[in-house]
Amino acid sequence: MGCMHALGKGLSQLALPHPQNPTWLKSTATATGKERISTLAEKGLTPSQIRVILRDSHGAAQVHLVIGNKILKILKSTGFAPDLPEDSNHLIKKAVALQKHLERNRKDKDAKLRLNLIENYIHWLAHYHKTKRVLPLTRSWKYESSMASALVA
């Protein structure tokens, strides 16, 4: 809720951890951290799951401050980067699950609306990722609802 007589909206702000490596964080040095990330990627974990594991087990609040690179850049250099961005992949999985639901329940109008909204957002994200050069700029990658289950599998 905003202030009544001022333009501000409150005092809450983002508080990032200390930008330097803590002295107690010796186990995730640069070389061992990159090796740990690549072994977790070999198991099939996504970059966000890798980040949660490093945060919980090693106490690394922000991986790029400890190791020096972001997780996705390390995965690209080792060859374990995912084909699709993680947010698009999760949305496509959600759309496939809704399509399966609609095959069983054809009269579910709310699910039809949600599927339409999710697919619109997937198209918007595809355009965004093409401009950021995460997806190839050619028209070869295009989301189609009939081919969605093949993209996720």
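Let's start in a loop: Arg-133 sits between H6 and helix H7 (148-152), where helices (H or I, at least four residues) and strands (E, at least two) are DSSP runs numbered from the N terminus. Arg-133 is not a glycine, yet it has a positive phi of about 60 degrees. Its relative accessible area of 64% makes Arg-133 exposed; the classes are buried under 20%, exposed over 50% and partly exposed in between (1.4 Å probe, protein chains only).

A word on the model: it is predicted, so local features need pLDDT of at least 70 and side-chain atom pairs pLDDT 80 or more, while totals for chains, interfaces and linings use all residues. Residues are numbered from 1 along each chain as its sequence is written, and side-chain values use heavy atoms, without hydrogens or water.

Stepping back, the protein has 7 helices and 0 strands. Of its 153 residues, 26% are buried. Contact means heavy atoms within 4.5 Å; among contacts with a separation of 6 or more, 56% join residues 24 or more positions apart.

Now for the interior. A nonpolar core is a set of buried Ala, Val, Leu, Ile, Met, Phe, Trp, Tyr and Cys residues joined through side-chain atoms within 4.5 Å. The largest one has 17 residues, and Ile-92, Ala-95, Ile-118, Ile-122, Trp-141 and Tyr-143 touch the most other members. Helix H5 (86-104) and helix H6 (109-131) each supply at least two residues of this core. Another core, of 12 residues, lies apart from it and includes Leu-40, Ala-41, Ala-60 and Ile-74.

| Residue | In contact with (heavy atoms within 4.5 Å) |
|---|---|
| Trp-141 | Leu-84, Ile-92, Ala-126, Lys-130, Leu-135, Leu-151 |
| Gln-99 | Leu-115, Glu-119, Tyr-143, Ser-145 |

Gln-99 lies in helix H5 and counts as buried at 18% relative accessibility. Its side chain makes a polar contact of 3.4 Å with that of Glu-119. Such a contact is a pair of N or O atoms within 3.5 Å; within protein, one must be able to donate a hydrogen and the other to accept it, and residues adjacent in sequence count only if both atoms are side-chain atoms.

What about the outside? The accessible surface comes to about 11,300 Å², 56% of it from carbon and sulfur atoms. Areas come from the Shrake-Rupley method with a 1.4 Å probe.

Key. Lists of a residue's contacts leave out its neighbours within four places in sequence.
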